[in-house]
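Dear colleague,

Please find below the structure that I am handing over to you.

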Amino acid sequence: MIYKYDFLIIGAGVAGMSYALKVARAKKGKICMICKTSLDEANTSFAQGGVASVTNLKVDNFEKHIEDTMIAGDYISDRDAVEQVVRNAPSQIDELVKWGVNFDRNEQGEFDLHREGGHSEFRILHHADDTGAEIQRGLMAAVRACPDIEVKENHFAVEVITQHHLGARVTRRTPYINCYGAYVLNPDTQKVDTYLSKITVMCTGGVGAVYQTTSNPIIATGDGIAMVYRAKGTVADMEFVQFHPTVLHHPGETHPAYLITEAMRGYGGILKLPNGETFMEKYDERLSLAPRDIVARAIDKEMKIHGLDHVCLDVTHKPADETRHHFPNIYQKCLSLGIDITKEYIPVRPAAHYMCGGIKVDLNGCSSIDRLYALGECSCTGLHGGNRLASNSLIEAVVYADAAAKHSLEHVDFYDFNEKVPEWNDDGTMSNEEQVLITQSVKEVGEIMSNYVGIVRSDLRLKRAWDRLDLLFEETENLFKRVKASRDICELRNMINTAYLITRWAIERKECRGLHYTIDYPVHAYDKK
């Protein structure tokens, strides 16, 4: 089947949905949103902490938020991108509220602001401890109420279409690569359909599922990054994988591991060893509120020193009623495991959480491939640099969705559908009866990345990861050519491509910087404080 849409959006988190709503207002064409699962299973819904925005002008200002972001990013961040996000954040918060998103307020009707690691002021807007789910709920209601947005759930984008599919030779030196849409797997027919578009927007989220333990859902397999890389698009900063310092340690829950929001440390939670000793004073003067890269490395080191599989977060000194009020979901989750967080420590450990790199884009969200935009976690705007400042990601997605919507609406009329694009050809392939090969390879990718490309790295570990991934790549590509396209085989390809990119970028950075920490090179001055 061949479909035609003016705007094709691949992914349905805060980035994809806010872009769709902004474009729909203009009434300039057909809009289709491809969602690989159901609309409510995006990574956005797993975000607990909140959204960073300067709102309390009595004590806070843009300059403070900009400087906090630059410090957390180890000054690798693109200052123009930082300025764009920080200065446009308040207006986009207003837009979220208009779409029906509810943020907690105090008795005076003002936003109830939290503080998180790396922030110099209280500027985190939140909805209890499930802010992402509330944003997803509000945006889903707005999308479903909009007749101009067609949502196709449980559809899987296989590849983006470029002139490569028309027989042209496309390399990373090709000056003008154009995107004409995407090939998409239909779950009902198990056929790959052709979706032609004037504008394509990649909003596929993160990569956490390439690690054994992650706060991300299992759908976070790096699909968009891998597809764009295979299409010879530019990616950047892939070595900077953020490990959230505190997910709930509960053996058996690894995809996703339950997140213990950073706001709990902003609330006054203290990191301790199981015996009650504190340890963050050995690593940073900001203690438990240091940026995530420092806290994650400190926990990792303490676990190795003492032979532990977790450390603890202590909020027992805080008023019990206040803790239950601010963190109702975390309280109930822990209680279901026999832990009363008002009386007992919370067992925590780091887990893969956020990709700071991704598809390289400009201030309008444009990738290196013409007519292809990238938004949200799969993109690399330059905002995060070497390490994302807590709660900057959701607001980045909305700000860049706004910029991309404005830019694409100005250009969509200049584009036509490319009617010469051939349909997907799977002649000579067969149904896959070797599912065990895929299942085992997925496990191997997780083991390789967690063991060799984790919080602490070395040349030897990275080389071993590279060699193992190279073998998995060859095996998987050979299997892909033999069998009909399925979500399982396509996700595995994407996971291997993404893992390869993380490893390659880590090998090429010969220093400790931000989230990339290697024992083989002198530590950056940032770590000597």
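The model is a predicted one. I begin with an open sheet of 3 strands, which follow one another in the order β9-β14-β16 with mixed pairing. At its edges stand β9 (235–236) and β16 (379–380); each has a single partner strand, so one side of each is left without a neighbour in the sheet. β9 and strand β14 (residues 358–360) run antiparallel and are joined by 2 bridges. Val-235 has Ile-359 of β14 as its bridge partner.

A helix accompanies these strands. Helix α5 (residues 223–230) lies across β9 and β14, and its direction makes an angle of about 45 degrees with β14.

Helix α5 also packs against helix α13 (residues 487–508), at an angle of about 80 degrees and with the axes 8 Å apart. α5 is therefore roughly perpendicular to α13. On the side of α5, the contact is made by Asp-223, Ile-225, Ala-226, Tyr-229 and Arg-230, while α13 contributes Glu-491, Arg-493, Asn-494, Asn-497, Thr-498, Tyr-500, Leu-501 and Arg-504. Of the residues in this contact between α5 and α13, 5 are nonpolar, 3 polar and 5 charged.

I turn next to strand β8 and its partners. In general, the strands of a sheet pair through backbone hydrogen bonds, in either a parallel or an antiparallel sense. Strand β1 (residues 2–10) pairs with β8 in the parallel sense, over 8 bridges. Within β8, Thr-200 is the residue that stands opposite Leu-8. Strand β7 (residues 181–185) pairs with β8 in the antiparallel sense, over 5 bridges, and Gly-181 has Leu-196 of β8 as its bridge partner. β7 and β8 form a hairpin with 6 residues between them, and in the turn Gln-190 has a positive phi of about 60 degrees. Strand β15 (residues 372–374) runs parallel to β8 and is joined to it by 3 bridges; here Tyr-373 of β15 is the bridge partner of Val-201.

Is strand β8 enclosed or left open by the rest of the structure? The strand is largely enclosed, because 11 of its 11 residues are buried.

Ser-197 is located in strand β8 (residues 192–202). Its relative accessibility is 0%, and Ser-197 therefore counts as buried. Apart from neighbours within four places in sequence, Ser-197 is in contact with Tyr-5, Asp-6, Leu-8, Tyr-180, Gly-181, Arg-371 and Phe-417. Val-101 lies 96 residues from Ser-197 along the chain, and the C-alpha atoms of the two are separated by 30 Å.

Helix α1 (residues 14–24) is likewise largely enclosed by the rest of the structure, since 11 of its 11 residues are buried. The buried residues of α1 include Val-14, Met-17, Tyr-19, Leu-21 and Lys-22.

Finally, a word on confidence. The protein chain has a mean pLDDT of 92, and 96% of its residues reach 70 or more. Over residues 525–529, however, the pLDDT is below 50, and this stretch has 10 contacts in the model beyond near neighbours in sequence. Where pLDDT is low, the predicted coordinates should not be read in detail.

With kind regards

Key. Residues numbered from 1 in each chain as written. Predicted model: local features only at pLDDT ≥ 70, side-chain atom pairs only at ≥ 80, totals over all residues. Heavy atoms only, no water. Pairing = 2+ DSSP bridges. Helix = DSSP H or I, 4+ residues; strand = E, 2+ residues; numbered from the N terminus. Contact = heavy atoms within 4.5 Å. Axes fitted to C-alpha atoms, helices over the stretch in contact; angles between N-to-C directions. Parallel < 35°, antiparallel > 145°, perpendicular 65-115°, else oblique. Nonpolar A, V, L, I, M, F, W, Y, C, P; charged D, E, K, R; others polar. pLDDT = per-residue confidence, 0-100. Buried < 20%, exposed > 50% of the residue type's maximum accessible area, 1.4 Å probe, protein only.
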